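I opened my notebook with a plain plan: look up a few spots in one structure and write down what each one shows. Come along and check each entry against the picture.

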Amino acid sequence: MKVDVLLGLQWGDEGKGKVVDVLTPRYDVVARFQGGPNAGHTLEFAGQKYVLRSIPSGIFQGDKINIIGNGVVLDPALFKAEAEALEVAGHQLKERLHISRKAHLILPTHRLLDAAYEAAKGDARVGTTGKGIGPAYTDKISRNGLRVGDILHRFEEKYEQVRSRHEMILKGLNYSYDLQEMEQAWFEGINYLRQFHLVDTEHEINNLLNEEKSVLCEGAQGTMLDIDFGSYPYVTSSNTICAGACTGLGLAPHKIGEVYGIFKAYCTRVGAGPFPTELFDKIGDRICTLGHEFGSVTGRKRRCGWIDLVALKYSIMINGVTKLIMMKSDVLDTFDTIKACVAYRINGEDITYFPYNIEEGVQPVYVELPGWQTDMTRMQSENEFLEEFNAYLSFLEEQLGVPICIVSVGPDRAQTIERYTEE
């Protein structure tokens, strides 16, 4: 058996949580392979809305096994709050959620360091969520981190060593703080975490594949926020691309099967960083309002713009995407004209590849297509698509070279239409 991978192709917030929830009935296992509680996956069904930060989106589907892999960084306090809220809503986790002992922990002092580093950067700040993600991954790479497995042996001693080192850094940054309240909630989270299956998930997931179990790997954030291939330095601190599933779960490359790439019918970004197709006019505000473009974790307003096919083609290439999924088609229902960026104009030259630097002097080159002027949210099958919408899909497929197999026409689980394209 091979695993399938589902990931975002833009700057995050593409709607991965909903799609995982829709696809989960076809799989035995859903595994999260990177990121931390800075990534919020929003799911809506049966009149309820849920926001998942660390827990895989397959948790709502029956008796599926859900795995938090070694590539994830976990904040015990936030994990406890998230898990308890789900349990109150009737979703039992303890028998179905398995957590890698090799996953790294986010400490209270990581969150303090995150805030201190951002404050020290002034106008050059990256725009982090303040959840301690970057400092936690920094400790991981510098071999100073604490892992989930550490809570089972001499943990207090190990914690004190790391905290002392962090406090020395905070002192050097002249950053004032109160750690007591944060630590209390964090240690309550540690005790709560001990109740779960803490296992070597790399062995577990490969054993499940040997047993012919089907596995869906779930990514967080988006490809353009990848630490290596995103718009550095305005990126996250992990590998958000398909290769991250191998390192974040312990999978060999030949174990990768289908790669589902998710994108919006337009484009958004949160925080600082270049965004070639960003709109600063009423159209951008209109997309934001219609799309409810506010962060599910931070509440921050998202920057909005037209779809960027230069960046999308780049994402498809480095991920090896085999099937595309388009989200939020309905947000563009009332537009007379839809624009798509097909090239970047830099110093008078049009290029169709994603360059090293997109921070300055990049002008998007647009193609205009007619809007479909209809309410997509009521549609239940591909047969109901209007000619203009089918033309938009065909244009995208021709440009991107990959079929669009699923189209989302609203936030609810039921508002998802599969297209039966011939292969």
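**Entry 1: a buried ring and its partner**

I am working with a predicted model. I began at Phe-79, which counts as buried because its relative accessibility is 0%. Next I looked up Phe-196, and at 5% relative accessibility this residue counts as buried as well.

How many aromatic pairs are there by the ring rule? I noted a count of 16 aromatic pairs. Phe-79 and Phe-196 make an edge-to-face pair, because their ring centres are 5.2 Å apart and their planes stand at 70°, and planes over 60 degrees apart count as edge-to-face. The pair links distant parts of the chain: Phe-79 belongs to helix H2 (residues 76-88), Phe-196 to the loop between helix H6 (180-193) and strand S9 (197-199), and 117 residues separate them.

**Entry 2: a second ring pair**

I then turned to Phe-155 and Phe-187. Their ring centres are 6.4 Å apart and the planes are at 70°, so I wrote this pair down as edge-to-face. Phe-155 is in helix H5 (residues 155-172) and Phe-187 is in H6, so the pair ties together parts that lie 32 residues apart in sequence.

Phe-187 has 27%, so I noted it as partly exposed. I also found that ring pairs join Phe-155, Tyr-159, Trp-186 and Phe-187 into a cluster.

**Entry 3: charges over rings**

Which ring does the charged end of Lys-80 sit over? I found the ring of Tyr-192 there, with the charged end 6.0 Å from its centre. I looked up Arg-286 too, and this residue lies over the face of Phe-335, at 4.0 Å from the ring centre.

**Entry 4: two helices crossing**

A reminder to myself: two packed helices are described by the angle between their axes and the distance between the axes. For H2 and H6, the axes come within 7 Å and cross at roughly 60°. I therefore call H2 and H6 oblique to each other. I recorded the crossing of H2 and H6 as left-handed.

**Entry 5: the sheet**

In what order do the strands of the open sheet run? I traced ten strands as S9-S7-S5-S2-S10-S1-S11-S15-S19-S20, with mixed pairing. The edge strands are S9 and strand S20 (416-418), each pairing on one side only. From one strand to the next, the twist averages 20°.

Then I checked the neighbours of S10. Strand S1 (residues 3-8) runs parallel to S10, and four bridges join them. Val-5 has Cys-217 as its bridge partner in S10. Strand S2 (residues 29-32) also pairs with S10 in the parallel sense, over four bridges. In that pairing I found Ala-31 opposite Cys-217.

**Entry 6: a glycine in a loop**

I found Gly-58 in the loop between strand S4 (48-52) and strand S5 (65-68). With a relative accessible area of 0%, Gly-58 is buried.

**Entry 7: backbone exceptions**

Most residues other than glycine have a negative phi, and most peptide bonds are trans. Which peptide bond did I note as cis? The bond from Tyr-232 to Pro-233 is cis, with omega near 5°. Pro-233 lies in the loop between S10 and helix H8 (243-249).

I also wrote down two positive phi values. Arg-143 has a phi near 65°, and this residue is in the loop between helix H4 (133-141) and H5. Arg-143 is exposed, with a relative accessible area of 74%. Lys-328 has a phi near 55°, and its loop runs between strand S15 (323-327) and strand S16 (337-346). At 23% relative accessible area, Lys-328 is partly exposed.

How values were computed: Residues numbered from 1 in each chain as written. Predicted model: local features only at pLDDT ≥ 70, side-chain atom pairs only at ≥ 80, totals over all residues. Heavy atoms only, no water. Phe/Tyr/Trp six-rings, centres within 6.5 Å; stacked < 30°, edge-to-face > 60°. Buried < 20%, exposed > 50% of the residue type's maximum accessible area, 1.4 Å probe, protein only. Lys NZ or Arg CZ within 6 Å of the ring centre and 35° of its normal. Pairing = 2+ DSSP bridges. Axes fitted to C-alpha atoms, helices over the stretch in contact; angles between N-to-C directions. Parallel < 35°, antiparallel > 145°, perpendicular 65-115°, else oblique. Left-handed = near helix turned anticlockwise from the far one by under 90°.
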